Every structure is written in C-alpha cells, then in structure tokens.
Amino acid sequence: MIEPVALEHFFFFFFAAALVIFAALAYALSYSFSRLYRNKTLLYVAGLAYGVLILAVFWLSWLANLHGFWYALVGMMLFGYGVAPILIWRLSVATHD
Amino acid sequence: MEHTPFWASTSFWKKTAIWVTAGSFLLLIVLTFDTMSKVTAGTGRVPDYTVINKRIDYRFDDKKHHSMPVIEGDAPLFGRILNEEEAERLVTLGKKTIQAKNCMNCHTLLGNGAYYAPDLTKAWLDPAWGGEAVRPMLMKMFLMDPVANARTYGSGRKMPNLGITEQEAEGIIAFLKWMSAIDTNGFPYNFKTAGGR
Amino acid sequence: MSRPLDSRHLNGGQKLAVKYFIVAVILFFAQLVFGMLAGVQYLHPDFLHGVLDFNVNRMVHINAMIVWMLYGFIGSVYWFLEEESGREIVGLKLGNWGFWVLTAAVTVVVAVYLLVQTGPGNDFTRWFINEGREYIEAPRWADIGIVVVMLIFFYNVAATFIKGRWSGIAGVLTLDLVALAGLYLAGMFYVTNISIDQYWWWWVIHLWVEATWEVLVGCIMAWTLMHLLGVRRKIVETWLYIEVALMFGSGILGLGHHYFWIGSPEYWLAIGGFFSALEPIPLVAMVVHSIYDSGVHKLRNRNHPALAWVIAHAFGNFLGAGVWGFMHTLPQINLYTHGTQWTTSHGHLAFYGAYATINIAFFYLAVQQWRGNVWMGANLVGAWRWKWALTLLSVGVMGMTMALLIAGYEQSFIERAVGGSSWSAYFAAQTHPWFMESMAWRMVFGWITIAGFVLLAWDLLVIGKHETREAETLVEEPALVGG
Ligand code: HEM
Ligand code: HEM
Ligand SMILES: [Fe+2]
C-alpha cells in the first residue's frame with residue numbers, strides 16, 4: 001500500500017512538504033494581488049510560484065514513493081492547489097457585486 | 001445583485017455545504033461500520049483475548065513489505081491457560097488500570113498519548129525484557145516498583161510508583177501482550193524483538 | 001479622567017459572556033503554568049517526581065487549554081446572541097446558572113486531578129477521579145455535567161434564534177453546536193479493545209479541531225467581520241457556507257490520517273492521506289478571499305488589537321494546521337513521526353494559531369464595549385502593550401514550535417527509523433544533544449510566552465482606561481439588517 005520514505009530522504013521530505021504549501025501560498029498571494037492591482041508582472045510571479053509548486057509536488061512524490069494509487073493524490077494536489085485561488089477569486093468577485 | 005451567477009449565490013452554496021457535509025458523513029458512517037467489523041477482537045486484525053496464551057512475535061513480512069505480528073505455539077502467561085472469559089477479564093482489568101493510572105499522559109499506546117516515556121505498542125516484545133521465561137516476572141516487578149527497577153538509560157527519567165497491585169500488574173501485562181499482537185500496518189517500523197529477526 | 005469597565009454598557013448575554021471570558025483568561029494562565037512544569041521535567045526529571053508527576057501536569061495543561069477555549073467560544077456566542085437574533089436571550093437565568101455549575105464542576109475536577117490524581121483500576125476511578133484518555137480525562141460524572149450545561153447553552157442559542165431572527169449564521173451555528181456536543185458523546189463510553197477506543201477517541205479530537213471548531217470559529221468570524229469591518233451580511237453568509245463545504249469536505253474524511261496505525265484496515269492509509277492532503281486548501285482559499293476583501297472594500301477598522309489578532313489567526317491557522325499538518329500527514333512519513341515531538345510541535349502551533357488567537361481577538365472586542373465603546377483605533381493610549389503582548393506570545397509559541405520540530409526530527413530519525421522504537425532506542429533519542437538543547441530552548445521560549453501572557457492580561461484590564469475618545473460607530477450598516 002505504501003512505501004515509506006527512505007532514511008536518506010528524510011530531511012528533504014519535510015523540506016519538500018513545506019515547500020508545497022508555501023508555494024501554494026505564494027501562488028495564491030501573487031495571483032490575488034495581480035488581480036487586485038491588475039498587474040501583469042505579478043501574474044507572471046504567480047505562474048512562477050505555480051511552477052515551483054509543480055516541482056515541489058513531483059519532488060515530494062519521488063521522495064515519498066507515491067506511485068500506483070498515489071498518482072491520484074499527486075494529480076489532485078496539482079489540480080486542487082492550482083485552481084483553488086482562481087476559483088476563489090472569481091467567487092469573491094461574483095459574490096460581492 | 002441580480003447579476004450574481006448561480007454558482008456564486010447564497011442558496012447554491014448553502015445546498016453545496018449541506019450535500020458535501022452529508023455525503024462525507026455518510027461515507028464515514030459506512031467506513032465506520034466496515035472498520036468496526038474488522039477491528040472487533042478475534043476478527044483478524046485485532047486478535048482474540050486468548051492470544052495471551054500464545055507465543056507472539058513481530059517479523060518482517062516479505063509479501064506485505066512491513067512487519068506483522070506472528071502468533072505461534074503456546075506460551076501461557078503466568079503459567080496458566082485462560083479461557084476466553086478469563087482472558088477478557090484479565091485484559092479488561094489491565095485496560096481499566098491503564099486508564100485509572102493515566103499512563104497515556106506519559107506514554108503512547110498505538111502511538112497516541114504523551115511523549116515523555118517509551119511507546120508501549122510492542123512493549124511486551126521489547127528486547128530489554130529478555131526471554132519469554134523471565135519477561136512476565138520482570139515486567140511485574142517493574143510495574144509494581146518502577147523506581148527500584150529503573151533503567152532510564154542515562155536519562156535519569158524514572159517512572160513513578162503508581163501503587164499498582166500485583167493483580168493490576170498482571171492485568172496490565174496481559175493487556176500489553178494482547179496489544180502487541182494487533183496488526184498495526186507496520187507501526188512501529190523496524191522494531192526488532194528479542195526472538196525475532 | 002479614567003473610564004471604568006461598566007456592565008451597564010452590556011446586554012444580558014454580554015454580561016454572561018464576560019464571566020466566561022474571565023474564567024477563560026484565568027485557565028489560559030493555568031495552562032501555561034502547568035505546561036512549564038511539564039516542560040521542566042524533561043530537563044530535571046526529579047523535579048516534583050512522585051508529587052506532581054509529568055502525567056498530572058500534562059493533563060492539567062491540555063485540559064485547561066480545551067476548557068478555556070470552549071469557555072471563550074461559549075462566551076463569544078452569548079456575546080452576539082442578542083444582537084444577532086434581535087431579542088433578549090431566552091432562558092438567560094438558566095444560562096447563568098449553567099455557568100456557575102460548569103465552573104464549579106471544572107474547579108472540583110481540577111482539584112481532584114491535583115490532589116487525588118489516580119485511583120485503582122476499577123470503574124469508580126473512571127467515574128469519579130480520572131478517565132485516563134488524553135484531552136477527555138474528565139471523570140464520567142463531570143462528562144454528564146458538561147453535557148447538561150451544553151444542553152442549556154444549546155437551548156439558549158436555539159430558542160433565542162427561533163423566537164427572534166433566524167439568520168444564516170444562526171442556522172450554521174445551531175447545527176454545528178449539535179455536532180460538537182454529539183461528538184463529545186463518542187468519547188463517553190468504556191471499551192477494552194484499544195483499537196475501538198482510539199477509533200472513537202479520534203472522532204472527538206479530530207472532528208472537533210479540524211471540523212466543528214473551525215466552523216464555530218467561522219460563525220464567530222462572520223459576525224465579527226460584519227461588526228468590526230462592516231462587511232455586508234449576504235456576503236458573509238455566502239462565505240460561511242463556502243467555508244463549511246471546504247472544511248467539512250476535506251476535514252471529515254481527513255480523520256483517516258489518525259487511522260493508519262491503530263489496527264484499522266489498510267484502506268485508511270489511502271483515504272487519510274488523500275483527504276488530509278487537501279485540508280490546507282480551505283486555508284489557502286481564506287487568504288485569497290481576505291485579500292479581495294481588504295483590497296476592494298474601504299474598510300474602517302474600529303478595533304486595532306482585535307483585527308491584529310484576527311490576522312494572527314489567519315496566519316497561525318495556515319502555518320500550524322496547513323504547513324505543519326501537511327508535513328507529517330502522509331502515511332509514508334507519519335510511520336516515523338507518529339507520536340513523537342513532531343506531533344507536539346504541530347499541536348502547539350495549530351492550537352495557538354487557530355484557536356488561542358481568535359479567542360483573544362474576541363476578548364478585545366468585548367473589553368471595547370465593556371468600557372463603553374471606547375476608541376481602539378489609531379494612536380490608542382498605551383498601544384505598545386497589546387503590540388508587545390501579541391509579539392511575545394507569537395514569538396514564544398513559534399520558538400517552542402521550532403525547538404520541538406528539531407527534537408521531533410531527531411526523534412523520528414534516531415528512535416523510529418534507525419532504532420526501531422524500542423525502550424533503549426527511545427532513550428537514545430531523548431538523551432541526544434539536539435534533543436536536550438531543544439528542550440532547554442522550549443523553556444526559554446516558554447518564559448517569553450508567559451511574559452506575553454502577563455502583558456496581555458494587564459492590557460485587557462486597562463486598555464482604553466485613559467482614552468477619552470469614543471469609537472466611531474458604523475454608519476447605517478446594511479450588515480446589521482437581517483438577510
Ligand atoms: C486547527 C487545526 C488543527 C489543530 C488544532 C490540530 C491539532 C493537533 C493535535 C493537538 C494533535 C496531537 C493529538 C494527540 O495528542 O495525539 C494533532 C495530530 C495530528 N494532526 Fe493536527 N491539528 C489541526 C489541523 C491539522 C491538519 C490540517 C492536518 C493535515 C494536513 C493535521 C495533521 C495531523 C496529523 C497527521 C496528526 C497525527 C500526528 C501523529 O501521528 O502523532 N492537523 N493535531
Ligand atoms: C508556557 C509555554 C508552554 C510550555 C512550556 C508547554 C509545554 C508542554 C509540554 C511539556 C507538553 C507535553 C508534550 C509531551 O507529551 O511530550 C505539552 C503538550 C501540549 N501543549 Fe503545551 N506548553 C506551553 C504552551 C502551550 C500553548 C500556548 C498551547 C496552545 C495554545 C499548548 C498546547 C499544547 C498541546 C495541544 C499539547 C498536546 C500535544 C500533543 O499531544 O501532541 N501549549 N505542552
Ligand atoms: Fe487530525
């Protein structure tokens with residue numbers, strides 16, 4: 001069912017896991033600010049942050065031996081953390097007018 | 001406000017909240033029924049209480065890729081073979097004592113509790129207790145007077161005397177032996193027993 | 001000229017709320033004191049050995065925490081109940097009586113914890129001394145008392161809303177309280193089978209802090225945002241539903257991350273890993289929405305300390321639950337971190353970040369009103385005090401969290417992965433220099449936390465006392481009109 005993280009990957013696993021969530025935050029922040037200030041540069045920053053998120057998720061999936069069923073989790077994280085800020089922003093706009 | 005699309009409307013999200021909650025909860029209920037049927041003592045993952053009459057080990061299982069409890073041969077606790085009812089009564093005394101003495105605010109059981117003292121999930125199998133022949137006696141002495149029998153491995157951290165009676169100690173040991181035979185999906189990892197590999 | 005705290009500024013529910021808040025602050029202090037006692041014992045194991053053992057100190061530490069936070073939540077609900085429902089509280093006398101009964105019961109329970117501590121391994125002990133199950137150690141008689149008082153509280157809330165105005169917040173709040181109280185029942189029976197015991201125990205603990213408490217805070221925040229910042233009711237309520245959907249959608253089945261190793265079937269590895277990995281999404285969503293809110297509205301903030309603590313809540317929840325939770329939630333790593341100082345590291349930051357902060361924010365809203373709607377905006381007299389309280393408390397808890405993280409990393413490596421969790425491997429990790437130094441640093445940051453608390457308590461007593469200005473009132477708020 002699972003193949004535990006190997007000893008030598010221990011430290012990096014925590015690092016990668018924290019990076020996933022912080023990249024998700026950076027992406028969400030830069031995306032929302034780019035919308036708020038209608039700023040193109042920030043949108044690129046958001047794209048970059050999402051790029052980091054993708055790398056971090058793949059790194060994590062390698063470190064934690066996520067194969068088989070666990071691909072679904074990788075996909076779900078890429079999708080979920082990717083669309084959430086966009087959808088939530090749209091929802092914010094739509095609920096406020 | 002009239003332009004609010006349906007997916008941003010209050011009523012849409014109210015319904016979504018209700019359906020998501022109800023759906024998740026329903027699934028949890030179904031899983032709970034299934035889990036209960038698989039963790040009831042004597043149904044496979046969690047052994048019958050008479051397992052305390054048996055020899056227990058914890059070994060790496062090549063098919064499962066993690067350690068599994070192994071039950072083989074007779075090894076009656078305190079020299080008595082107990083029937084189902086007696087075994088359950090003894091383990092129950094142990095569990096009630098463990099709650100009454102608040103062990104879980106120092107120790108973890110199945111990894112849950114406090115972190116001031118060693119995990120007790122496989123304590124029955126800990127190599128420090130020596131062979132099967134002396135183990136129950138050493139454990140009983142320890143539980144009844146952990147200060148005099150302290151080891152602490154250089155930490156100076158002693159378990160206090162909790163006023164555990166001989167009967168209660170036997171109950172606790174029966175409980176620990178029974179617990180060590182639960183299939184915990186390989187937790188604790190890499191645990192090596194005195195007899196095992 | 002000084003401005004006294006005056007109960008004439010409060011409605012009936014608010015007078016009761018203030019009592020709950022006072023006990024909450026006292027218990028918060030008790031929590032810290034007993035945390036320090038437990039922490040010292042890691043460094044000096046002979047300290048109070050056989051007198052006040054680690055298990056007693058720890059039990060009081062975490063019970064005081066649960067109780068003070070619940071007191072804060074109950075108080076907050078009583079606080080806004082009359083304004084939200086547009087009428088006087090139904091059965092307020094009973095509610096007052098419930099407060100005294102609950103407080104008396106808590107006092108007796110703690111006295112018995114400290115003086116009697118443990119008992120023989122029979123049913124009497126579980127009924128009258130100690131139930132021996134982490135967080136819900138309160139003996140059975142007290143459980144029953146707590147349920148009775150919760151029923152009174154629930155009656156106050158439901159009956160007041162039914163007879164007054166039934167809003168969206170009222171609906172979510174009422175249902176959430178039913179769930180919160182119902183879950184407590186899952187922790188109120190005895191079983192010998194430890195796997196079944198732990199299964200239900202986590203229903204109480206996880207489904208409280210990662211589901212029902214989050215939604216309760218959502219309700220309190222919804223009301224606060226309307227009153228602190230003047231956000232429109234319709235918007236606040238839509239977002240409350242969105243939050244419920246996201247929180248319950250990931251949090252209910254996220255429960256599975258506690259069912260990896262307790263004897264339950266293997267499918268929980270997949271379910272727990274999958275859903276709990278999605279639990280940070282609602283927290284990220286909140287960030288996006290609050291940026292929108294702060295940017296689009298010209299929000300007037302009439303209570304600076306409260307808003308600062310609300311922001312601390314947003315960050316703390318994200319860090320403690322989101323980042324720290326995610327780092328150890330996949331079974332591939334939890335196999336090693338399960339039940340180590342790693343868990344404590346996460347527990348401290350999450351409880352502080354998500355729940356201590358929001359309670360403190362509400363205390364500030366309450367003192368503002370209690371002092372007759374005093375000014376708490378820019379250039380508040382003595383503002384250094386709340387700023388330093390916030391800083392010291394947060395630095396203290398964050399420092400403890402980092403120390404415990406290092407200890408947890410070392411422990412999961414040396415004891416778990418290498419040593420295989422035996423008795424001797426446990427102590428090999430506990431006596432490692434990294435571990436011992438972390439424990440020492442935890443105490444240093446513990447003192448900083450205590451210093452922050454002292455400033456906080458002092459500030460709550462005196463803030464606004466020498467302020468002559470009134471708070472600006474929210475003009476013609478559509479938020480205050482039912483929706
Ligand atoms: C405000 C929300 C949260 C609070 C207050 C909280 C608090 C806690 C506490 C106190 C424990 C230790 C329980 C014990 O004594 O055994 C714990 C365990 C745990 N939490 Fe959280 N938590 C929160 C959110 C989360 C989230 C969002 C995740 C995952 C993403 C998470 C993952 C875990 C895991 C995996 C454990 C088990 C640790 C172990 O195996 O020992 N938590 N949490
Ligand atoms: C004065 C500062 C504090 C000190 C010295 C302290 C110390 C401790 C100690 C020694 C433990 C036992 C951990 C173990 O079993 O090894 C503990 C547990 C705990 N404390 Fe604190 N604490 C402090 C403040 C706080 C605060 C402010 C909070 C949250 C608001 C908190 C929440 C908790 C929780 C939730 C647990 C249980 C953790 C778990 O089971 O994983 N503590 N604390
Ligand atoms: Fe959880």
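## Contacts between chains C and B

Two residues are said to be in contact when they have heavy atoms within 4.5 Å. The structure described here is a predicted model, and in this model 82 residues of chain C are in contact with 83 residues of chain B. Together, chain C and chain B bury about 7300 Å² between them. Of this buried area, 63% lies on carbon and sulfur atoms. On the side of chain C, the residues that lose the most area to chain B are C:Ile194, C:Tyr241 and C:Trp423. These residues together account for 11% of what the chain C side buries.

## Contacts between chains B and A

Chain B also touches chain A, with 6 residues of chain B in contact with 5 residues of chain A. The area that chain B and chain A bury between them is about 490 Å², and 72% of it is on carbon and sulfur atoms. Within chain B, the most area is lost to chain A by B:Trp7, B:Ala8 and B:Trp13.

## Domains of chain B

The domain assignment divides chain B into domain 1, covering residues 12-39, and domain 2, covering residues 49-180. A distance of 36 Å lies between the C-alpha centres of domain 1 of chain B and domain 2 of chain B.

## The second largest cavity

The model has 7 cavities of 30 Å³ or more. The second largest cavity holds about 590 Å³ of space. Several elements give two or more residues each to the lining of this cavity: helix 3 (135-144) and helix 4 (166-179) of chain B, together with helix 2 (54-85) and helix 15 (423-430) of chain C. Helix 3 of chain B supplies the largest share of the lining, with 3 residues.

In total, 42 residues line the second largest cavity. Those nearest its centre are B:His107, B:Ala117, B:Pro118, B:Phe142 and B:Met159. Sorted by class, the lining consists of 27 nonpolar, 8 polar and 7 charged residues.

## The iron site in chain C

Which protein residue is a donor to the iron atom of ligand 1? The only protein donor is C:His346, through its atom NE2, at 2.0 Å from the iron atom. C:His346 belongs to helix 13 of chain C, which spans residues 341-370. The iron atom of ligand 1 and the iron ion, ligand 3, are separated by 4.3 Å.

Methods
Residues numbered from 1 in each chain as written. Chains lettered and ligands numbered in written order. Predicted model: local features only at pLDDT ≥ 70, side-chain atom pairs only at ≥ 80, totals over all residues. Heavy atoms only, no water. Donors = N, O, S within 2.8 Å, 3.2 Å for Na, K, Ca; no water. Helix = DSSP H or I, 4+ residues; strand = E, 2+ residues; numbered from the N terminus. 1 Å grid on protein atoms, 1.4 Å probe; cavity = no way out; pocket = protein on both sides within 12 Å on 5 of 7 lines; lining within 4 Å. Points joined across faces, edges and corners; volume = space filled by probe spheres on them. Nonpolar A, V, L, I, M, F, W, Y, C, P; charged D, E, K, R; others polar. Domains from an automatic or database assignment. Buried area = accessible area lost by both parts, 1.4 Å probe.
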